Structures are given as structure tokens and as C-alpha cells.
Amino acid sequence: PLDRGTESFLDYLDPQMQILPNTAGCYTAAEAIRTARLAREALQTDLIKLEVIGDQTTLFPDNEQTLEAAAVLTKEGFTVLPYFTDDLIMAKKLLDAGCPAVMPLAAPIGSGLGVQNPANLRIMREQLPEATIIVDAGVGTASDAAIAMELGADAVLMNTAIAEAQDPAKMAQAMKLAIEAGRLAYLAGRMSKRLYASASSPFTGVIR
């Protein structure tokens, strides 16, 4: 376990706050598994955000290596939150492997492009109604977060959008409001889209 006798950044965090270690920078299942084990020893938590990168330029995940690592870590008692492409079939496999939630990307990590494949996220929500879906990576501003939530995501994980904002504190507040608004809109159910206009004022009682 981490030596608590020396000063650590942990000393400055709220004791009620849960830390989510990350296997960022790992390119194989073996590297990710080793990193997760080290994180558990150092931070005394079974939570792990599982990232196994497949391409250095785009930072897209290697889904197969992610699944392999997830299968091992869940058997070892980890609570695995896997980052993967917005692939319904892979989402099902990760859930079957024991992951309590899945974290499909919205766009490349740190790109700020927002949700690039809304249909994929919508399909994932409809096909996996009981699953916890956390959109991870690619959110750039509050409207991106709202869209992700309107598509049925249960949460959005973000970093760069807040860290690189000109005023991170204000952006964090904007994200909070966007998450709440998007979730409420999803639960309310949006109106159907129509090709043609539909009068919003009733004709009943109109004096002719």
C-alpha cells in the first residue's frame, strides 16, 4: 500500500471523494492488467477505468485487448469501467465479461468534437436498456454533454473540455447544468420530427 507517512496529493482531496485510477497509456491487455493491479495496491480501490490504446495518433481503443483485460480484471474483483468504440456488439461482450458499465467514446480523446455517431449511442441505449452507459472522450462544451444525455447516456466522463476551457470553473458549472438538462429532456421524451409544418395553435373555436 501507498506510504501514508509522506506528503501526497491525496492529503488535499476530500476524504469522501472516490478516486478512479486509469490505465491510460497502455497498449496491451498485459500492460493494462499490471497497471490496474499497481493502482489497487497504491490507492486501495477496486475501481479502474480500463483503457487499452490501439493507435497512437487517434488514441482509439483496441477493443479486443480491452475485452481480454476486462475478463481478467473482473475475475480479480475489480470494478472495470472500459473505454471502447461506440460498438454495440463490443458493449454486450464487455457487459457479459462482468463490467458493471460501458464507456463508449463520443469522439477521439481530447478532440472536443462532440458526439460524432449519435445513431450508435441511441441504438446502444435502445438495445441495452438496463445497462449503465457512460459517454467517455470527445466532449468539448456543454451542448455536447447535453446531446449525449439526450441520447440516453447515464453519465458523461470528461476532462479536457473543462481543463482547457478559458474559465474551467464556469465550464464545470455549465457541464453540470447541461447534464441535468439533457437527462431531463431524455426522460421527458422529445417530440417526433416531421418533414412538414404542423400548426401549434388549435383551429377549434376560431372565429371565421
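1. Contact, as the word is used in this note, means heavy atoms within 4.5 Å. On that basis Leu73, once residues up to four places away in sequence are set aside, touches Ile33, Ala36, Leu50, Phe78 and Val80.

2. This is a predicted model, in which local features need pLDDT of at least 70 and side-chain atom pairs count only at pLDDT 80 or more, while totals for chains, interfaces and linings use all residues. Residues are numbered from 1 along each chain as its sequence is written, and side-chain values use heavy atoms, with hydrogens and water left out.

3. A nonpolar core is a set of buried Ala, Val, Leu, Ile, Met, Phe, Trp, Tyr and Cys residues joined through side-chain atoms within 4.5 Å, where buried means under 20% relative accessible area, exposed over 50% and partly exposed in between (1.4 Å probe, protein chains only). The largest such core has 25 residues, of which Leu50, Leu73, Val80, Phe84, Leu94 and Met124 touch the most other members. Two or more residues come from each of α1 (29-43), β1 (47-50), α2 (63-75), β2 (79-84) and α3 (88-96), these being DSSP runs numbered from the N terminus (helices H or I, at least four residues; strands E, at least two). The largest share, five residues, belongs to α1.

4. A second, separate core of 18 residues includes Val115, Val135, Met149 and Ala178.

5. Beyond its neighbours within four places in sequence, Thr23 is in contact with Ala32, Thr35, Ala36, Ile48, Lys49, Leu50 and Glu51.
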